[in-house]
Amino acid sequence: MADDEVILEVEHLKTYFLSGKHNENVMRASDDLSYKVHKKEFVAIVGESGSGKSVSALSVMGLIPYPPGLIVGGRILFHGKDLVRASDEEMREIRGSSISIIFQEPSTALNPVVTVGKQIAEAIRIHEPKTSKKEAFERAVDLLGKVNIPNPAVRAKQYPFEMSGGMQQRAMIAMAMSLSPEILICDEPTTALDVTVQAQVLEQLNKLREEFGTALVLITHNLGVVARYADSVKVMYGGKIVEEGSPDDIFDEPHHPYTLGLIRAVPRLDLPKSYGLHTIEGEPPDMSKISPTSCAFAKRCKYATDECLDQRPDLEEISRGHFCACFHKDQTEEERKALQ
């Protein structure tokens, strides 16, 4: 369960990608994004591809490539320290030891010509230079065992290509957890894995969170994962949070039309075939053409009015801990009842 202490606070983050001869083309990947992460909390950030989820994670890690990416506004506070204004040296100290990230493709994140154990040991020695090579390697073997890799002493001496996708992902988790970070960001860590292995990896992540007391930020489009593990859910669209709350809030009382659309799009085995598969009409927004003064979802929303095109709604609390950014959140009651 989450602790009351806020360890990470993203405030009005604006991460843009600039292109064109005079940087006249602006893609607002994160646009006035705000959220908090509490100690030991399991936070799920959900949304379609292109909604800005991964960019928000890279912004926290200080990994936005410049050019063309640039954080043009907002703050990322880690224990009160603004990471946006931190030096490269300060970010190298924080990255990996205090905040770690697991990318969605372990096969590209791991070095193919270095053994897995050596890569984990190297990550340890970078932040703990007094640790000997032998001790660091022994810790690497122990970590591989903690993530349920069989024969960890043998596997530690193997190269990534000698492991399955599931084992590679577990090795990435072991590396990310090697320094017991306070926050672990997982960017769709189970995308390339089969369903059985996905469940195993997620169960392992949750177990490690409890063992190490680490806050977990999971970026995903799998709502089943969210319902089972998350303490808090942030629904992203068009570069910002459009609804947030507990899993009960999001699944039992969704108010934003986009959240409703995501839930309706999940196949249900408890309903007859006539229910069919539902989709959200229209296409994900072109982030370079979204107006900062209008609702990003307006062109796909059946409730949209001129107000939605002229103003961008702010997150408002509709019940304790449940927030929604929509001018028509009270008009979705009939649609909510249909989900019951």
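In this predicted model, helices H4 and H7 cross each other in a right-handed sense. The axis of H4, which covers residues 116–127, and the axis of H7 come within 9 Å and cross at roughly 20°. An angle under 35 degrees counts as roughly parallel, and that makes H4 roughly parallel to H7. Where the two helices touch, Val116, Gln119, Ile120 and Ala123 of H4 meet Ala171, Ala174 and Met175 of H7. Sorted by class, the residues of this contact are six nonpolar and one polar, with no charged residues.

Helix H7, made of residues 165–176, has a further partner in helix H8, made of residues 195–212, and the axes of these two come within 10 Å while crossing at roughly 15°. H7 and H8 are therefore roughly parallel to each other, and their crossing is right-handed. On the side of H7 the contact is made by Gly166, Gln169, Arg170 and Ile173, while H8 contributes Val197, Gln200, Val201, Leu205 and Leu208. By class, this contact of H7 with H8 has five nonpolar residues, three polar ones and one charged one.

The secondary structure of the protein comes to 13 helices and 12 strands. The radius of gyration is 21 Å, close to the 20 Å that the globule rule gives for 340 residues, so the protein is as compact as a globular protein of that length. Along its principal axes, the C-alpha trace spans about 65 × 55 × 40 Å. Of the 340 residues, 49% count as buried.

The buried residues are Pro257, Tyr258, Thr259, Leu260, Gly261, Leu262 and Ile263. What covers them includes helix H9 (223–229), helix H10 (247–252) and helix H13 (333–338), together with strand E9 (232–237) and strand E10 (240–245).

Which residues is threonine 259 in contact with, leaving aside its neighbours within four places in sequence? They are Val235, Glu243, Ile250 and Pro254.

Helix H1, residues 53–61, is likewise a helix that is mostly covered, since seven of its nine residues are buried. These buried residues of H1 are Lys53, Val55, Ser56, Ala57, Ser59, Val60 and Met61. Just after H1 comes glycine 62, which takes a positive phi of about 70°.

How values were computed: Residues are numbered from 1 along each chain as its sequence is written. This is a predicted model: local features need pLDDT of at least 70, side-chain atom pairs count only at pLDDT 80 or more; totals for chains, interfaces and linings use all residues. Side-chain values use heavy atoms; hydrogens and water are left out. Axes are lines fitted to C-alpha atoms, for helices over the stretch in contact, and angles run from 0 to 180 degrees between N-to-C directions. Helices (H or I, at least four residues) and strands (E, at least two) are DSSP runs, numbered from the N terminus. Angles under 35 degrees count as roughly parallel, over 145 as roughly antiparallel, 65 to 115 as roughly perpendicular and the rest as oblique. A crossing is left-handed if the near helix is turned anticlockwise from the far one by less than a right angle, and right-handed if clockwise. Contact means heavy atoms within 4.5 Å. Ala, Val, Leu, Ile, Met, Phe, Trp, Tyr, Cys and Pro count as nonpolar, Asp, Glu, Lys and Arg as charged, and the others, Gly among them, as polar. The radius of gyration is taken over C-alpha atoms; the globule rule is 2.2 Å times the number of residues to the power 0.38. Buried means under 20% relative accessible area, exposed over 50%, partly exposed in between (1.4 Å probe, protein chains only).
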